Structure formats: C-alpha cells, structure tokens
2 protein chains.
Amino acid sequence: MSSKSSKETSIDKSIETSQESRVQINHVSDSMTLLLYLGLLIVTILTVWLFKHRRFRFIHETGLAILYGLIVGVIIRYGSPSYQPSITMISIEDSPEQSNKLPPEKVLVNMSVLNESQIYEYDYKRRLYGNDINAPILDEKATFNPEVFFNFILPPIIFFAGFSMKRKHFFRNIGSILMLAFLGTTISCFVIGGVTFGISRASARLASIVSLSECLLFGAFISATDPVTILAIFSDLRVEPDLYALVFGESVLNDAVAIVLSESIETYGSAAAAGETAAISVLKAIGSFAGVFLGAIGIGCLLGCLTALITKFTQVREHPLLETSLFVLMSYSTFLAAEAVKSTGIVAVLFCGICQAHYTYNNLSDESKATTMSFFGLLNFLAENFTFVYIGVSVFTYSSHLWDPVFIVAGFLAMIIGRVLCVYPLCSLANIGRRRSGCAIGLTRMHVLAFSGLRGAMAFALAIRNTSSDARKIIFSTTLILVMITVLVCGGLTTQMLQWMHIEVGVDEEPNRQRLDRQDSTGEAASQPSLRDRSCIALGWRKIDKNFVKPLLTNARPLLTETCSGCCLPLARLLTTTEQLTQAAVQRDLYSGGQEDTDVIVPPDSDSFAGLGEGGQVNKAGPAAPASLQVATTGDADNNGAASPVLF
Amino acid sequence: MSSKSSKETSIDKSIETSQESRVQINHVSDSMTLLLYLGLLIVTILTVWLFKHRRFRFIHETGLAILYGLIVGVIIRYGSPSYQPSITMISIEDSPEQSNKLPPEKVLVNMSVLNESQIYEYDYKRRLYGNDINAPILDEKATFNPEVFFNFILPPIIFFAGFSMKRKHFFRNIGSILMLAFLGTTISCFVIGGVTFGISRASARLASIVSLSECLLFGAFISATDPVTILAIFSDLRVEPDLYALVFGESVLNDAVAIVLSESIETYGSAAAAGETAAISVLKAIGSFAGVFLGAIGIGCLLGCLTALITKFTQVREHPLLETSLFVLMSYSTFLAAEAVKSTGIVAVLFCGICQAHYTYNNLSDESKATTMSFFGLLNFLAENFTFVYIGVSVFTYSSHLWDPVFIVAGFLAMIIGRVLCVYPLCSLANIGRRRSGCAIGLTRMHVLAFSGLRGAMAFALAIRNTSSDARKIIFSTTLILVMITVLVCGGLTTQMLQWMHIEVGVDEEPNRQRLDRQDSTGEAASQPSLRDRSCIALGWRKIDKNFVKPLLTNARPLLTETCSGCCLPLARLLTTTEQLTQAAVQRDLYSGGQEDTDVIVPPDSDSFAGLGEGGQVNKAGPAAPASLQVATTGDADNNGAASPVLF
C-alpha cells in the first residue's frame, strides 16, 4: 500500500472518529436494551418469589413475565425518543440486468465525502413498504435478531427438557406420547391450516394475502404446545406422574414435530412453486420430514454417545472443570452440527439431552454431576423467562406487525378445534391398547390434556423467524396474540382446572427411591401388579440397551464380557474399563437383581436445581459411593415390580 | 392497508422466498462458524487433559488454544470457498449537502425489482479502500462482531477475577498493587506510546499514518497485562501467595486502568481535534479518567451491595434457583448499567465481583453458594479459552489486518522497555514502605513480576473494537502479534523462570484453615509476628466494614444494635434480621475472638470449580452449619495473628 496524502489521512481520521461515535451510540443503546430485559427478569423473579412466599397462584411466572414485558413495551414504544439515523435516498435507473433479479445483498455506494470520492459498503436490510418509510428504524428498539432465539435461547430449554426428563414414566407412556406428538401435531396442523384458510376466504383482503400453504405453515407454528408454563405448575402441585408424563412428552416432542413439519411445508411450497405436480411435491415434503427428523435424532444420539465414550475411556473426570466444559460444549455442538447440515438442531439437542442423561451422566464425577445439573437448570430458567419477557415486549416494539382481526379470530377458533380433534380421538385410540393394561385415559384426563395445550416459546420463535412478507407478518402477530391468551388464561386457570377435574395432586415425586429403601429393608417386591412395556420394540430395545449399549457407554453392569460371546469377546474385553470391573463387583454385592434403566432424579421443579433441592441426594453422596447409589433405579418389572400403578 | 394486486403479491412471495433462503444461508454459515470454535475448544480441552495427565508443562492451555486457532485460521483462509454475495455498484452524483458530510448510516435504494419499482433499506457497513474492493466479504469468515467480546466474553472473566479473589493477600499488598496498577500502567502507556512514536518517525509511511495520540492509545491497549495464563500456571504450581497476590492484583486492576486510560486518550484526542488548548485537553482527559473510574467503582459497589441487601432481607434463599438467577442477573446488570451511562462496565463488574464475594455470598443458601461458584467458574473457563482460540483464528481470517514490520518491532521493544520501567522503579519505591514491615520485594521477585507481564484478552478486545482506519489496523495487527508472542513464549517459560529464580512453589493454599483448626485445638495464637495493614485508610475501612457495613449487608456479627448507639438504635434494630440474632448467638459460642474479614475459599485453579475441588468444604458442609464455618476466617491481627509471613 502506498503512503497517503495528508487529505486522505484527514478523511481517515474523520471516519475513525465517526466510526468511534457510531460504535459508542450503538453500544450504549444495546446496553440499555439488554439492561432493560435484565431489569424485567429481576423484577419478575422478585415478584415470583413474593407470590410463592404468599402462596398466590392465580398467575404464573411466565404470565407475569409477559405482563411486565407488555408494560415496558408500551413505555418504550410511546415514551422513549427515537434515534434518527442519517439516511440518503438513492434511485437506480432501470438497468435490464437488475430488473429481473431480486435486490442485491450488498450495494457499494460511490459517493463524495468531505469532497473526495470514496466507496462505501452497505448491507441489505429489508424491503420498505409504503407505511414503513416513515418509520424505517422503529424495529431497532429493544429487539434482537430472531436468530438469537434459535441459536442461544431455545437450545438450553429443549436440552434441559430432554436431560431432566423422567424417563421412566415417559417410556411407560411412549406409545400414547408418540401418537399424540406425531399424529396429533399433524392433525392439528392441517385442521388449523384448513380452518384458517376457510375463514380467511371470507375476507377479500386476507384472501389476496394468505395462501393455503401459508395457512398450513401457521398451523404448524401454532401446533407446537409449550411445556414450560404447564409443567412448572404441574410440578409445583405434584400432579400424578403419568398425566405429567403425557403432557410433558406431548409438548416436548410436538415442538420437534412442528419444526420439521413447518420445514416440510416450505419444501412443499417451493416444490409446488417450481411447477412440480402435487404428488411429487407431497412426496418431497414427506421425504424432507423423514430425512430431517431421522437425521436430527441420529446426530443427537451420536454426539451424546460420543460424549459418553469420551468420559468413560479418558480420565477426564479427574479434572471436573474440564469434564463439565466438555459436556456443555459437546451438547451445544449437537445443536450446531444439526443446523450446519440443514437438519433440525432442536430435535437433535432434545435427543442428545436424553442420551446425556441416560449414559454420560453416569460416567461423570460427583462434582460434574452437580455442576451440569445446576448449570443447565439455571440456563433453562433464565432462557425461559427471557423468552416470555421478550414476547411481552415485542407486542409493542416490533415493527413487523400486521394485526388482522379476522385472522386472529380464525386462528383462535382453529386452535381450539385443532386441539379438540387431536386430543380426544387420539386418546380414545390409545385407550384401545391401554385398556388391556388397565390404564386407560379417562375423560377428565382428556379434558386436562386438551386444556394443557398452551402455546409458547417455540411457536413464537418459529413465527418471528421470517416476517418479510405481509402474510408472514399476519401470521407472526396472530401467533403472538394466541401465545399470550393461552399463557395468561390457561396458565392462570390450570390450578382451578385440576381441582374441577379432581386430578390427584401432591403425589410423591420420588416413589422409587422410597420403594428401593423399603425393598432393601423388607425384601418385599412385586407386591403390586407389575407393569410391562406394551410395545415389543420398546422391550427389545430395553434388552439391547441393558446388555450392550449401557455396558459399552457407561461403567454399568452386566459387563460386555458377560453378555458377548465368541469372536466379540476380545473386543468386549477391550471396551471394559478397570473401573467397570471393580464397580461391578461392588454393585453385585448390593443388589441381587439386575441393575436396570436408571433415572437421574430430576423433578423439573422451578424451585430447586433439579435434584439439588430438598432431596439433593444425587450430589451429596460421598465420592466413594458407587454411581448406582446416586441414581434411583427405575421401575422395571424384574426387580422393581412395585412400580406406582398407572392411574388411568 | 389496501389490498394488493396479484403482481405485488407475487413480488412479495419472491422476496419472502429469497429472505427465507438468505436467512437459511446465513444461518448455516453462522452455525458452521460457531461449531468450528466449539470443536476447537473441545480439542483444546482434550489436549489440556492429556498434557495434565502426562504432566507435560511446556505449553499452557491458552498457548495451545492460540496454536489450534492459528492452524484452523489457515485452513479457513486458504481452504474454504468464499460465498460471493450479489453486489450492485451505485454512484451518487455530487450533491452539495452530501459532500461536506460523513457517509449516511442508511441508504434507501429505489430500484426496479421484477420490473416494479420498490424501495429497499441498506445499512452502513464500512469504507472500502483500494484493495478491499476485490475482497469485500472476506471478514465474514469466522469472525464475530467485536462488541460480542466486550458484552459477553470479557464480563464473566473479569467478574470471576473479582469474585474469586483471595482478598486477604490482596489487601495485605494493596499499596504495592495500586501503585503498580495506576502509576505502573500510566508509565507503561506513555513509555510505549513515546517509544513507538519515536521509532515510527523513522519510517516515512508510518509517520504519515500513525499520530502521537494513536501511539499512546496503542500504549494503553498493550499495557493491559493478562491474568489468565500466568495465574493458571501460578495456581497449578502453588506459588507463594504474596507473589501471587501482586501478579494477580496488578494484572486485574491494570486491565481496568488500561480501559479508562484509552478512553481518556480518546477524549484528549477529540478535545485536541476540536481545537482546544493542550492544557484544557489534558485536564479533560484527567477529568474523564477520574470520572469514569470512580463512576464505575460506584456502580459496581452499589449494585453488589443492593444484591446483598435483597438476599439478606427477603426469604428468596428458600428458592435457590430464584436466588442464583437473581445473583447472576444483578451481577451482569452491573456491567450493562455502567456501559449504559458511558462509564466502564469492566471496572464496575470487577468491583461488583469483590462486593458479591465479600457480602452477598455470605447470605446465600448453601445450594446457591455451590451453584454460583460453579456457574461462574465454568463461564470463566469457557470465555477464557474461547478468547484465545479466537485470537489464533483471527490472525488469518480477519480482513482488517495491516502488518507493518517496523511498527511490530517498535511495539515489541517498547513493550519490554515499558515493562522494565514500570516494575523495577515502582517495586523499589514500594520497598521503602515494605522494608519497615520486613517484607520487601527482592530482585528475583521483581524479575518474575516483570516476566509475568503477558498480554491477552483485554489488549486484544481493546484493539479489535475499532479497526476502521489504517492506524487502527496497524495497532490491531501489532497487538495480536504481541499477545501471541507473550502468551506462547512467556507462558511456556514461566515454570522454568520460577525454577531459575528459586521461587517457592507448592505452598499450601489454605494455611488459614489449618491454622484455625490448630488454634481451636491448642489455643496457640499470635506465636508469630503479627502483620498489620500498612495503610491507615485500609485500617479505618476495615473497622467500618467490620462494625457497620458487614452487619448491615450480611448476617454477620457484631450486630448493628451493638455497634450503633443513640438515635440510630431504632434503625439498627430494623436492619437486624431474626436470622442474624439467632446466628450471632451460635457464632458467639464457637469463637471467643471477633469474626473478621472472610474469604471465600477459592483457589482460582483451573482444575476444580474454585473451592468445589478436593477441599470442597464450602459446599459440603451441612445446611445447619453457620456461615462462618464454611468460609475461612482471614488473617487479622486480633484472632489470626499466626498469619503466614510475607516472604519478601
């Protein structure tokens, strides 16, 4: 580079200074925005504490977060001065190459600054519509890039859902859960899409904006029911564990289904737009659904198991900080890896969470066990509350709103119809199988299940991701309204609802542990009717898991050398650690029955760090105690026959 | 809004789709970038474990992180295909209003897209220089907005430094530390600025680019020595605590001084540019320095004490998750509050950390104590390692580099001269006072102190913040080189250096606790020469802190009702909690002497979560034990006279 003239240097300096002040202004306003959200969270937490302290239950913390957000949103919208950036308007003459293309991602503007011609780079932001031009910077107020939600806020929530899942009750109800999640979400999506499309034809304006595939997209967004609010309430009240498992399982998995469904609908939309026949478009959409879903599950399980292998075969547990960091990084990598290959990170991270809890957690040092649990618990709590505060604030500050009363009413009706058509028929279907095991889902439980279909973070995150067209704006605004209504109304009435329906509350959350203790002292087992897995796939998998996967990935017994035979034996020996051999001996002395599926004791209770709370036995056990003593052995027919009966 | 023509709707759809794919592409590339950094961190952690396992000490984890970063940087730079965005070049005819102004922040481009004229918003990115135009998107590869460092990566590091500080040794050496931090950093800044300015006059090219105030800015950036690497090594080797305290105190505080100094220099620069006289400019700079520094300390202490008050007077400790969230949010709010009022968040968060450890920590439930410590420990570890990985990667991927060999050599020489002129004279000065207490800093310790002046995260973060002009680019590139040299060379040779200098290593990190035990059993106290605070300000403050501030903010004794008298008594009664009254009784039974300044037992040791490690007594003590048993009572002449002697 040649040396510059003094004039050029002086321009340089001016730009340096202006860059400095630009950075400064942005920095101050970013800090203010973040501070605002933190302040809101602090106020929410203090109010939540006060309500808990005074046993006031009519509003839940998520509802509270939304309300506070709304209030502050109004203040920001109408109370704070707008910062007006300097704007220059440019027209490009019609050039034939440009006319047929979309707007470029960057424009390089050659302009005269301080009387010298220079080139500046500008980045594409958005298209301005007629009414935007007067307020082109409104959306800069207290908003974040929607990608922040997908990349940083949702993953900890979903991961923690998988990580802290009560796997015992989940897997006991796996059939009904899968049916509700897959079939139910699909039904809900198409019913909502169909109803809103039908109603929106009545309005000439809506008919010109919203197409069928957009209505279906809206259906997919709004079919994602939210686990946060409802489970926090269920957990507070200690609702019967099988109803809990159904609500949990459905709401967690249908988030995943809704994401993949919405991507499939977009695939269908672009295939249809590309002029392909309907049949091929549908096939493509189904293919995309299966591919994305299976890919995400594969990535999640693969990286989860890889973490288990690393923690088993290295001595990294000697350094708990390294071990925990590894655990956190591997878990978040799962999300990113899935996103990077255009699969779905949320689904991947959910299954990664399940694997981490089922395998890796058992290999960790006691210190890392406590730390991972409290770390993810804290992250989850903050992320959840941030989301609801943000939902509240964005009602007023987001500039991409387009409120359409017809569509809102249509969406509301469609949501109710979709929920009813999803829950009642599918539960009745599930009861065909469940009745044989004497655990059918009663009508009151169906009511509760239908009522529990709150919409929350996932629906919001899906809708905010793209608000570039009018149709997307209408979808986003309607989703926001529905989220608020369900969280505030249903969330506030859940306690009453449970009372009206005479649902059992105050159920002991850790019956297994007590049972285990009782069993140890009195030897009574299988005094109540045993409950087997209903599906033979689940039974087969449990056997493989117990005999091969767990011994491979953790230090649990039976040893691979006991379950493998023939030519696999040398390999089995190689994959069995010294620790495993020693530990197995200890365990054999303690239990005569086989060691089964273990559950991390994690009541997803907002009051304590999942298991660190009153019980706290997970972490306070001495370092010398074998891992099997720090986790509760879960209900299996073989040695834990005294499982709590399924109540419906 | 009126209904649209079908043509407009079709344009809408195209834009929606293009927005969709634009979001998709950006999302995949962001995910890849993040995944890359996470992968690098995972590899670093595994290598660190391997090195620790094999007791290999020639390279430290931060050096390793840089090296891995460099390797991957090369691969990204030369191996990965560039994504070429669509670009349109526009020229604006000379309009008289524009010519005298700086480039606008936004341009609205009216262009014909799909044969219809529309308006699009574009955001200012940067000025392109001659050689940039061919590679205008290179900086999109694997880089983040520098603000991410300031807002999210540095705060946890600095907060944890304050939070985990060994306050006993720190305050014992406070005089020397303050001198080194304030006077030393200022000397270093001006020496480095002067030397680089002098040498750069020899090069005609440099002379035209770099001014004196920019050289001083460079001096301020590079005067920030880094605590991370050196303290990790010191901690591993358990170096004598007073040398540790000196290195720690200097490197933590001089980060703060360097930030404020660099802002003052910019204030001076803009005052001088505005045509004010030199005297006024200097006065403005000094005023800015004092204002920013005191403001930041005030905000930090205020919010830290507010947290203490909230945790003392509410029963939020019944809900540890809420309590911990509150703690985390309040701490981070400190940073943002300071930034929002244009003070310095880093300084605020450092002092907030000190207050949180000194006051709030004592009010927390046991569960929250464990969680906050492990949470911040983990965050700190991840942030540190991320920074060094990023430093390595950005050598090759950052597009704003301008390598100038003369300036690099000048910077290197100036850094050494500055360090020498800062450490040796100031230590000699400090020895005048220290010699009287028989704890002068010997020559070998001065060598170690001078050698410990590694540059790291803070220097990098300050330099990367603004790289808009050529001078700033040269400064950034040089800083990067110096950071790498010091971390790799000095970091790698520290162990040898300590051996050559015969510095005592393997010193027990918690002599107090043992002393306390001994004292309890044998009653021996004050058998060694007692060591009093040297400064009367410190003595006075200790008295106020002990009698008024601690009883007000925590549940410690003496009670305010005991230390206050007269008309303050009703207020004192109001500010004393029931818990405090009960706890005080328990404490009185345990100790006959006064309870003094307490230290959270936190070896800032990368192997364990500060105190959760082998010792672990902080968290494993039962909930019924009084707080004073869970923290080590620190060296005070009254009851802990047997403090370890200061060795130099």
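Reply: First, a term. A helix axis here is a line fitted to C-alpha atoms, over the stretch in contact, and the angle between two axes is taken between their N-to-C directions, from 0 to 180 degrees. Two packed helices are described by that angle and by the distance between the axes. Keep in mind that this is a predicted model.

Now the pair. In chain A, helix H4 covers residues 147-163 and helix H13 covers residues 345-363. They pack at an angle of about 35°. Their axes are 7 Å apart. The crossing of H4(A) and H13(A) is right-handed.

Who meets whom? From H4(A) come A:Leu154, A:Pro155, A:Ile158, A:Phe159, A:Phe160, A:Ala161, A:Gly162 and A:Phe163. Their partners in H13(A) include A:Gly345, A:Ile346, A:Val349, A:Leu350, A:Phe351 and A:Cys352. Also among them are A:Gly353, A:Ile354, A:Gln356 and A:Ala357.

Next, look at H13 in chain B. Helix H13(B) has 19 residues, 345-363. From first C-alpha to last it reaches 25 Å, close to the 27 Å expected at 1.5 Å a residue. H13(B) bends by about 45° at B:Gln356. Is H13(B) enclosed or open? Of its 19 residues, 19 are buried, so H13(B) is largely enclosed by the rest of the structure.

Step back to the loop between helix H12 (320-340) and H13 of chain B, and you find B:Lys342. Its phi is positive, about 60°, although B:Lys342 is not a glycine.

A:His502 is not a glycine, and its phi is near 55°. A:His502 sits in the loop between helix H18 (470-500) and helix H19 (511-522) of chain A. With 8 other C-beta atoms within 10 Å, A:His502 is exposed.

Last, a residue inside a helix. A:Ile187 lies in helix H6 (residues 174-200) of chain A. A:Ile187 has 20 C-beta neighbours inside 10 Å, so it counts as buried. Setting aside neighbours within four places in sequence, A:Ile187 touches A:Leu421 and A:Cys422. A:Val406 is 219 residues from A:Ile187 in sequence, and their C-alpha atoms are 23 Å apart in space.

Definitions and conventions:
Residues numbered from 1 in each chain as written. Chains lettered and ligands numbered in written order. Predicted model: local features only at pLDDT ≥ 70, side-chain atom pairs only at ≥ 80, totals over all residues. Helix = DSSP H or I, 4+ residues; strand = E, 2+ residues; numbered from the N terminus. Buried ≥ 20, exposed ≤ 12 C-beta atoms within 10 Å, placed from the backbone. Contact = placed C-beta atoms within 7 Å. Expected span 1.5 Å × (residues − 1). Bend = angle between axes of the 7 residues up to and from the residue. Left-handed = near helix turned anticlockwise from the far one by under 90°.
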